[in-house]
Amino acid sequence: MFQLIKQDKSTKARLGRLTTAHGAVDSPFFMPVGTNGAVRSLSAENLLEFDTQIVLSNTYHLFLRPGLDVIGAAGGLHKFMSWDRPILTDSGGYQVFSLARLRKLTDEGVEFQSHHDGSTQFFTPEKVVDTQKILGSDIMMPLDECAPYPCDRSQAERSVLRTTLWARRSKKQYHAVLDRGRMQYLFGIVQGATYPDLRERSARELVGLDFDGYAIGGVSVGEPVPLMFETLDWVLPLLPEDKPRYFMGIGLPDQIVKAVGEGVDMFDTCVPTRYARHGSAFTRQGRVVVRNAQYIKDFGPLDDQCACRVCAKYTRSYIRHLFNSNEILGLKLITYHNVFFYVNLMKEIRAAIQGNTFDQFQKEFFGAYKSEFAAGESLAI
RNA sequence: GGGGACGUGGUGUAGUCUGGUUAACAUGUCAGCUUGUCAAGCUGAAGAUCGCGAGUUCAAAUCUCGUCGUCCCCG
């Protein structure tokens, strides 16, 4: 269950605790993305070193490889990946939208071609719930239809209708197959593209179905950042206060700090890991592209305010060299730092909310952090 | 001493025979992109007076002569 521990007085930030079969998670929290059952280049021990509370994995990818027979035989995803803390699995709705070659999307489900071998696959809401039951994830996400950007109104409306239909079927299947006494949560995913009334409709319909938490999906699909935040204004007021809110796929560090202040509890994004592999480290001053030539002889740490193991030991110069030489250690070191940065940022956010200083925390953060957006898209409040 | 092959961005090559726009490709370098994952991707930029000199020609990386350099073979 989710327990709302504290509501910040000067912002809409919330402090909470989500209790799962694999332990409790303090919110607001960030879930490092481990699509294939691994946060790229990091071991479970690495993640525990800085007290990562929960990771995200992916139904679609794991279903295709290694397959349910393997993970089932392993005793579930936790055992398979040697991770005994909570796991949220995404449904694959986003992958059908972004990755697989779509062949047919109907109310029944989605037929698509595997991006591995081209084989034809068919996903239904029921099958996605069944799959996640076998994976044993602590939080399951239902199959949804992620609308693109831009998206005309009729298409956005269709995706809302279908997402609600699928949510209802997911919920039904969930109750039909759920083991007694085994705690697995099922969330609803709000769609509606950039149409306020469709977002509102989606939120109301899903709340009516009573999920364990609510995600705002169909965001960060190419829309301007201010529009992405407007979606929160439309949706969050309609969600029950005693359920966690999950901003799917978000975001850059300053976006997370802002969204927490709007009342979001959960985040995930591949940004810290992917940006790391492409040579970028996050710091409290903003993003540092360590790969760049200006760091050739920079013998300071990635982030001089960081307490991580990498910053204690390795220099920008060395990491740049590793990166430049295509040494896998370079990716690993930046990834470690970046995930630490995100996890630690959330820890500081929670401490600030706890200490009634979150509004001050936001001001200081935005004051120091060089935003990646144009002036017109400033996140400062 | 004689004979032969080759000199084109940092590196490796294509183009030369059959002269014709701003000399191409790979890699490297430099930078940008990245938001419910695409490590080994995507986009862009810089970088060569085609070893040097002369000649032929409307026009030379390309043909001719000379010269320098590297490598190979023979003595």
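## Basis of the description

Residues are numbered from 1 along each chain as its sequence is written, while chains are lettered from A and ligands numbered from 1 in the order in which they are written. Because the model is predicted, local features need pLDDT of at least 70 and side-chain atom pairs count only at pLDDT 80 or more, whereas totals for chains, interfaces and linings use all residues.

## Two domains

Chain A is divided into domain 1 (2–269) and domain 2 (277–365), with bounds that come from an automatic or database domain assignment. The C-alpha centres of domain 1 and domain 2 lie 27 Å apart, and the contact between them takes 25 residues from domain 1 and 23 residues from domain 2, where two residues are in contact if their C-beta atoms, placed from the backbone, lie within 7 Å.

On the side of domain 1 that touches domain 2, β4 (29–32), α1 (44–49) and α10 (253–262) each supply at least two residues, and α10 gives the most, with 4 residues. Helices (H or I, at least four residues) and strands (E, at least two) are DSSP runs, numbered from the N terminus. By class, this side of domain 1 has 12 nonpolar, 6 polar and 7 charged residues; Ala, Val, Leu, Ile, Met, Phe, Trp, Tyr, Cys and Pro count as nonpolar, Asp, Glu, Lys and Arg as charged, and the others, Gly among them, as polar.

## The parallel sheet

An open sheet of 8 strands runs in the order β4-β14-β13-β12-β11-β10-β6-β5, with parallel pairing; two strands pair if DSSP finds at least two bridges between them. β4 and β5 (55–58) stand at the edges with a single partner strand each, so one side of each is left without a neighbour in the sheet. Strand β14 (residues 266–269) is joined to β4 by 4 bridges, and the two run parallel; F30 stands opposite F267 in β14.

## The antiparallel sheet

Another open sheet has 3 strands in the order β1-β2-β3, and here the pairing is antiparallel. Its edges are β1 (2–7) and β3 (23–27), each having a single partner strand, so one side of each lacks a neighbour in the sheet. Strand β2 (residues 14–20) pairs with β3 in the antiparallel sense over 5 bridges, and G23 in β3 is the bridge partner of T20. Helix α14 packs on this sheet and touches β1, β2 and β3, its direction making about 120° with that of β2 (axes are lines fitted to C-alpha atoms, for helices over the stretch in contact, and angles run from 0 to 180 degrees between N-to-C directions).

## Helices α13 and α14

The axes of helix α13 (residues 316–324) and helix α14 (residues 328–354) come within 6 Å and cross at roughly 130°. That makes α13 oblique to α14, since angles under 35 degrees count as roughly parallel, over 145 as roughly antiparallel, 65 to 115 as roughly perpendicular and the rest as oblique. In this contact I319, L322 and F323 of α13 meet L329, G330, L333 and I334 of α14, a set that divides into 6 nonpolar, 1 polar and no charged residues.

## Backbone features in loops

A cis peptide bond with omega of about 10° joins R65 and P66, and P66 is in the loop between α2 (59–64) and α3 (68–74). The peptide bond from I250 to G251 is also cis, with omega near 10°, and G251 lies in the loop between β13 (245–247) and α10. S41, although not a glycine, has a positive phi of about 75°, and its place is in the loop between β4 and α1.
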